[in-house]
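Please look over the sequence and the 3D structure below.

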Amino acid sequence: MPELPEVETIATDLRPLLVGRRVSSVDLRFPTIVRHPEPELFVRDLPGHVVHSLDRRGKYILIRLGDGLLLVVHLGMTGQLLHKLPGDAQRPHTHVILGLDNGTELRYSDPRRFGRLLLGTEEDLVRARKLPRLGPEPLDAAFTPRELHRRLYGRRAPLKLLLLDQSILAGVGNIYADEACFAAGIRPDRPPLRLSRLRAGRLHGALREALLRGIANRGSSIDDYVDLYGAQGRQQEELKVYGRGGRPCSTCGRPLTLIRLGGRATVFCRRCQR
DNA sequence: TTAAATTCCTGTAAGC
DNA sequence: TGCTTACAGGAATTTA
């Protein structure tokens, strides 16, 4: 599933392909994928606009167009962006095809349809409550151990659920939350009620390290994740706990514990994480 | 404000 | 073999 490293990989690859290009056509096959504005307006207003820049914020891809317009893509669980030529074979569940002025296509496919596309000015989208308030970027210099400590200290929900809360920290999902907790030696199921500065510092380092490794390996291909060209990432080979419940801990050899937190599978080592 | 539960969705795999 | 069921989970929404 696409988390920060996966979205970063896609955004980095997509930037040189899109910036300077004009959107020439929009083929919207599954209108509910567009959450703002009304699908007819999306199809009417998007063509003709030139892409000025492209950024990632949390798990969102922000494509800035002329006239202050913003095209926002969130991949949800199974969303894929693929760069193709018009004749290329089409994946099932292709819901949107953007034609570009150089004859190529940007296609959005998403079997589970948890993903979404938004179009509007930033002001528009905020007013319509389509752009949530996101916490800091974990890889920004402004995100310090002190800041992480401030945001977690005193909270009563299990640590893992707080790490998944995008308003506390943007971009971390189930995979990297489990991996960071393991690397930091901290149990994901305990509230950080009186989290020490030391442990917050370890968690801060582990989060950044996990995300940076993920980016270096072009993401984790667990279910459907592939890059713009359909290639898988390599980070899944380095995962120490995610998806490994019951298998031996890579550090101590004891079986890893699988529990559910907030409906999400959570794996940790009872010996190595305290 | 915070925390927990519910909902959306379909491909895959396990179980009978 | 073929059917049913459970599971995967990001985030918006609802409830307490």
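The largest nonpolar core in this predicted model has 61 residues. A nonpolar core is a set of buried Ala, Val, Leu, Ile, Met, Phe, Trp, Tyr and Cys residues joined through C-beta atoms within 7 Å. A residue is buried if 20 or more other C-beta atoms lie within 10 Å of its own, exposed if 12 or fewer, and partly exposed in between, with C-beta atoms placed from the backbone.

Residues are numbered from 1 along each chain as its sequence is written, while chains are lettered from A and ligands numbered from 1 in the order in which they are written. The model is predicted, and local features need pLDDT of at least 70, side-chain atom pairs count only at pLDDT 80 or more, and totals for chains, interfaces and linings use all residues.

**The core**

- Ile61, Leu117, Val172, Tyr176, Ala180 and Cys181 have the most contacts inside the core.
- Helix α6 (residues 174–184) supplies the largest share of this core, eight residues. Helices (H or I, at least four residues) and strands (E, at least two) are DSSP runs, numbered from the N terminus.
- Apart from its neighbours within four places in sequence, Ala180 is in contact with Leu203, Ala206, Leu207 and Ala210; contact means that the C-beta atoms, placed from the backbone, lie within 7 Å.

**The five-stranded sheet**

- Five strands make an open sheet with mixed pairing, in the order β2-β9-β5-β4-β3. Two strands pair if DSSP finds at least two bridges between them.
- At the edges stand β2 (34–36) and β3 (51–57); each has a single partner strand, so one side of each is left without a neighbour in the sheet.
- On average, neighbouring strands of this sheet are turned by 20° against each other, direction ignored. For such angles, axes are lines fitted to C-alpha atoms, for helices over the stretch in contact, and angles run from 0 to 180 degrees between N-to-C directions.
- Helix α1 (residues 4–18) packs on the sheet and touches β3 and β4; its direction makes about 175° with that of β3.
- Strands β4 (residues 60–65) and β5 (residues 69–74) run antiparallel and are joined by five bridges, with Arg64 opposite Leu70 in β5.
- Three residues lie between the strands in the hairpin of β4 and β5, where Asp67 takes a positive phi near 65°.
- Six bridges pair β5 with β9 in the antiparallel sense, and Val72 has Leu118 in β9 as its bridge partner.

**Leu119**

- Is Leu119 buried or exposed? Leu119 is buried, because 24 other C-beta atoms lie within 10 Å.
- Leu119 belongs to strand β9 (residues 116–121).
- Leu119 and Phe42 are 77 residues apart in sequence, yet 6.7 Å apart in space, C-alpha to C-alpha.
- Beyond its neighbours within four places in sequence, Leu119 has contacts that include His36, Pro37, Asp45, Leu69 and Leu71.

**The four-stranded sheet**

- A second open sheet has four strands in the order β1-β7-β8-β6, with antiparallel pairing.
- Its edge strands, β1 (23–28) and β6 (80–84), each pair on one side only.
- Five bridges link β7 (residues 94–100) and β8 (residues 105–109), and Ile97 has Arg107 in β8 as its bridge partner.

**Around the DNA**

- Residues near DNA strand B (C-beta atom, placed from the backbone, within 6 Å of it) include Thr32, Arg112, Phe114 and Gly263.
- The surface near DNA strand B divides into four nonpolar, two polar and four charged residues. Ala, Val, Leu, Ile, Met, Phe, Trp, Tyr, Cys and Pro count as nonpolar, Asp, Glu, Lys and Arg as charged, and the others, Gly among them, as polar.
- Around DNA strand C there are 15 residues, of which Lys59, Pro132, Gly173, Asn174 and Ala265 come nearest.

Key:
Contact = placed C-beta atoms within 7 Å.
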